[in-house]
Amino acid sequence: MKSSNKPLNHGDPSTQTFSKRIADRIIEDIINGKYLPDSKLPTEREMAKIFEVTRHVIREALKRVESWGLVSIQQGSGAKVNNYKTSGGIELIEYLIIRDKDMVNMDFIMKIFEYHEILSIGAIQLAAQHITEEELNQFERLVKKRGACTDCEEKAGLTLDISRAILEGSKNTCIQLTFNSVIRISHKFLPFFNLTYSIPLDYQKFFERLVVFFKERDYEMAALLSTRYFKETKHYFIENKSYFMQYFRDLILNVDNNSE
């Protein structure tokens, strides 16, 4: 997400509110290092002149940026920039995935995979111990339905449903809410992450073996199985990095074109 300080297009009725768009630009500038931690943002008056809007619009934009933990605003002393890595939240994922329209932050995507691996293996271990019989039966039904499915889009949806069933079986509300937040924030990028389930690894067999381990309450074997599959997925992703990057670029351009 490459930022520029050009004035906003006031005549475009399809764009988001001015304050939201200005806040987005400020967030991008902070993440991209234009404004360093402990530095000061331009004054409200200066930004109002840059973006050709009123100071009230700028003030509303700064409130949004502050609510995300990226700046600290003190009356009379302006907005001080915080270190987003220590003060920001999960809402920044979308900004970190894309640095600009021609550049995908693959290093950050790999960090998302690492996070996904840790979260998933932990949830699978907990589910193997705490899933109820009713939940296990539903999990098994979803796995069987996925195995019989031939439509790629439907299979991706079933994969997400299986993931949610594991999270529900874990009985850990924090893990569930974190997962929901990531899905909500990164929703427009879901086709990319669904693509990982189309790589030549037998995920159906993986889910079927999880059913067995869940029935046996064998959380250690469930964790070992998950670790192996995540390792193989990561290896394949790294080996085909250029293909995934091009796919992501095409996805981003398609999303941007549809939002115009």
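Predicted model: local features only at pLDDT ≥ 70, side-chain atom pairs only at ≥ 80, totals over all residues.

Reply: Residues are numbered from 1 along each chain as its sequence is written, and side-chain values use heavy atoms, with hydrogens and water left out.

Me: Which residues of H3 are buried?

Reply: Buried means under 20% relative accessible area, with a 1.4 Å probe and protein chains only. Helices are DSSP runs of H or I, at least four residues; strands are runs of E, at least two; both are numbered from the N terminus. In H3, the buried residues are Val57, Ile58, Ala61, Leu62 and Val65. Down the axis of H3 they fall within an arc of 135°, so they line one face. The arc is that of the directions from the helix axis to the C-beta atoms.

Me: What do the buried residues of H3 pack against?

Reply: Contact means heavy atoms within 4.5 Å. They pack against helix H1 (18-31), helix H2 (44-51) and strand S1 (71-74). After H3 comes Gly69, with a positive phi near 85°.

Me: How many residues of H1 are buried?

Reply: Twelve of the 14, so H1 is largely enclosed by the rest of the structure. Among them are Lys20, Arg21, Asp24 and Ile27.

Me: How far does H1 reach from its first C-alpha to its last?

Reply: The expected span is 1.5 Å times one less than the number of residues. H1 reaches 20 Å, close to the 20 Å expected.

Definitions and conventions: Buried < 20%, exposed > 50% of the residue type's maximum accessible area, 1.4 Å probe, protein only.
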